[in-house]
Structure formats: C-alpha cells, structure tokens
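Subject: The structure you wanted to look at

Hi,

Here is the structure we talked about, ready for you to open next to this email. Have a look at it, and then read on for what turned up.

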Amino acid sequence: MMPSLFTDLLGAFFGSIVGFVLALVGGGGSILAVPFLVYGVGVASPHVAIGTATVAVAASAFANLMPHWRAGRVKWRCGAVFAAAGVIGALAGAELAKSVDGHKLLMLFGALMIVVGLVMLRRRGAAGQEGVRLTAETARHLLPRLIATGLGVGGLSGFFGIGGGFLIVPGLMLATGMPLTFAIGTSLVAVSAFGAATASSYAASGLVDWPLAFVFVLGGVAGGLVGAAAGRHLSSRKAWLGPIFAGVVISVGSYVLLRGLLA
C-alpha cells in the first residue's frame with residue numbers, strides 16, 4: 001500500500017486535472033474521475049472509486065451552479081422536476097451497480113466513455129426557446145418529458161457514478177426546447193442532486209474514501225481556477241477544445257475497456 005501522503009498528493013493531482021477540464025471545456029470532465037482514481041491513484045475497489053468520485057462530482061457541480069444562478073441561466077422549476085425524477089433513477093442505478101462485479105463494471109464504464117466521446121464529437125446547436133417555463137399551462141406537455149428523461153439519465157448517472165452532464169444537457173433541450181446556455185446552467189441542479197444521491201448510497205454501504213474525496217475536491221477547485229483562466233485566454237480556440245477532449249475520453253475509455261478484457 002502506498003504511503004497516505006503520496007496517495008493524497010496523487011488524489012489532489014488527478015482532481016486538479018478533472019477540475020481543469022471541467023472549467024476549460026464546460027462539462028464531461030467528471031467522467032475521467034473513476035479511471036483516474038483506479039489507475040492513477042491506485043484505488044483497488046472500482047466500487048470505492050465510483051463512490052468517492054460521486055462526492056467530488058456533487059461538490060464540483062454545486063460550486064459551478066452558483067455563477068450560472070447569478071447570471072440567470074437556471075430554469076429552477078424544470079431543473080427541480082428533472083432532478084427529483086433523476087434522483088429516483090440514480091438511487092436505483094447505484095444499488096444495481098453495487099451488485100455488479102467490479103471488473104465488469106469498469107468494462108461497461110470504458111464502453112460508455114467511448115460512446116460519450118463519440119457523442120461529444122457531434123456539435124450541439126445553441127438554438128432554442130429562451131422563454132420556456134414550467135407553468136400550469138405548460139405542465140401537461142413538459143412534465144411527462146422531464147420525468148421520463150430525468151429517470152433515464154439519473155439511472156445511468158447512478159449506475160456509473162458520473163455527473164451525467166453530457167446526457168442531462170441534451171436531455172433538457174429535448175424535453176423542454178430550452179437553449180444550450182440555459183440547459184448547461186440548469187443541468188448543474190440535476191448533476192448536484194444525482195451526485196449527492198449516488199454518494200449517499202455508496203456512503204451508506206461504506207464505499208466512500210472520505211479523506212481521498214476531500215483532497216480530490218480540493219485539487220478540483222485549484223484546477224478549476226487554472227482552467228477558467230486558461231479558458232479566457234483560449235476563448236478564440238474553444239471550437240478545437242471539445243473535439244480534443246472527446247479524443248481523450250475515447251482514448252481513456254479504450255484503455256479501461258482493454259484492461260478489463262485482458263483481466
């Protein structure tokens with residue numbers, strides 16, 4: 001077993017990478033947390049890695065929610081319904097994942113990363129209805145869509161221990177027709193809720209390394225500050241960052257899947 005201090009330093013380092021990517025690219029970075037914890041930090045149990053990662057995901061999403069809230073880019077009613085339905089799915093997904101063999105779970109995770117990377121290569125349109133709201137008049141159309149989409153996305157989020165922002169954003173756009181900028185801000189309500197629900201489930205089973213989660217979050221905060229500064233300098237080249245990050249996700253996913261197959 002590696003010395004605790006060295007493990008903490010590795011946790012902070014890889015957490016800073018996740019935070020940097022989240023701030024620079026704007027989403028999807030949390031999917032790197034589990035493979036970083038398993039293959040970078042050396043967490044032996046995939047289930048503990050997932051449980052620990054969800055704590056970091058929830059904390060990071062909540063911290064990033066505040067600026068979007070202040071900028072008025074959060075549709076709270078839509079986000080609350082989506083999150084409430086998704087929490088049910090996340091809890092069910094987390095319970096199912098804990099019954100799956102850890103190595104098989106990692107293989108499925110690697111396959112998901114490849115799919116996510118391919119989806120991220122497709123650019124998302126920013127058009128939408130900025131004035132869309134969940135009211136008594138629109139509830140008949142919006143509620144069924146929000147609940148159904150939230151359940152499905154929450155289930156995947158809980159099963160794989162990820163924030164699911166890359167699924168929540170298009171899910172909100174599909175269910176409500178809101179623009180991309182509002183979908184990104186509103187998605188953080190659901191990511192925070194999904195992460196907290198999944199983390200609670202794993203914590204109840206003793207599958208969260210709390211000291212490691214703490215240093216991972218601290219590293220993420222530091223990396224996020226650097227990523228935000230880098231993003232301002234690279235604003236003219238943002239179009240290239242998404243495809244590059246998608247390539248990284250596909251590469252890491254292929255590595256995780258190959259390791260699982262060889263094992």
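Predicted model: local features only at pLDDT ≥ 70, side-chain atom pairs only at ≥ 80, totals over all residues.

S187 has a relative accessible area of 4%, so it counts as buried. Setting aside neighbours within four places in sequence, S187 is in contact with I168, V169 and L172.

Now the overall picture. The chain has 10 helices and zero strands, so if you read along the sequence you simply get α-α-α-α-α-α-α-α-α-α. Of its 263 residues, 50% count as buried. If you take contacts between residues at least 6 apart in sequence, 82% of them join residues at least 24 apart.

α4 with α6: the axes of α4 (residues 76–98) and α6 come within 6 Å and cross at roughly 35 degrees. The crossing of α4 past α6 is right-handed. On the α4 side you'll find C78, V81, F82, A85, G86, I88, G89, A90, G93, A94, L96 and A97, and they meet L143, L146, I147, T149, G150, L151, V153, G154, G155, G158 and F159 in α6. By class, the residues of this α4 and α6 contact come out as 15 nonpolar, eight polar and no charged.

α4 with α8: here the helices pack at an angle of about 30 degrees, and their axes are 8 Å apart. That angle makes α4 roughly parallel to α8. α4 passes α8 in a right-handed crossing. From α4, the contact is made by W76, G79, F82, A83, G86, V87, A90, L91, A94, E95, A97 and K98. From α8, T186, V189, A190, A193, F194, A197, T198, S201 and Y202 take part. The contact of α4 with α8 has 14 nonpolar, five polar and two charged residues.

α6 with α8: the axes of α6 (residues 139–160) and α8 (residues 180–204) come within 10 Å and cross at roughly 45 degrees. α6 and α8 are therefore oblique to each other. Their crossing is right-handed. The residues that make the contact are G150, V153, G154, S157, G158 and F159 of α6, with F194, T198 and Y202 of α8. Sorted by class, the contact of α6 with α8 has four nonpolar, five polar and no charged residues.

**The salt bridge**

How many salt bridges does a search of the whole structure find? It finds one. In general, side chains of opposite charge can pair when their charged atoms come close. Here K98 pairs with E95, and their closest N and O atoms are 2.9 Å apart. The two sit three residues apart in α4, so about one helical turn separates K98 from E95. E95 counts as partly exposed because its relative accessibility is 46%.

**Helix α2**

Is α2 (residues 33–41) largely enclosed by the rest of the structure, or largely open? It is largely enclosed, because seven of its nine residues are buried. Those buried residues are A33, V34, P35, F36, L37, V38 and V41. Just after α2 comes G42, which takes a positive phi of about 95 degrees.

**V256**

V256 counts as buried because its relative accessibility is 1%. Not counting residues up to four places away in sequence, V256 touches P35, Y39, L106 and G110. P35 is one of the buried residues in α2. V256 and L108 are 148 residues apart in sequence, and their C-alpha atoms are 9.1 Å apart in space.

That's what I have for now.

Cheers

Conventions
Residues numbered from 1 in each chain as written. Heavy atoms only, no water. Axes fitted to C-alpha atoms, helices over the stretch in contact; angles between N-to-C directions. Helix = DSSP H or I, 4+ residues; strand = E, 2+ residues; numbered from the N terminus. Parallel < 35°, antiparallel > 145°, perpendicular 65-115°, else oblique. Left-handed = near helix turned anticlockwise from the far one by under 90°. Contact = heavy atoms within 4.5 Å. Nonpolar A, V, L, I, M, F, W, Y, C, P; charged D, E, K, R; others polar. Buried < 20%, exposed > 50% of the residue type's maximum accessible area, 1.4 Å probe, protein only. Salt bridge = Lys/Arg side-chain N within 4 Å of Asp/Glu carboxyl O.
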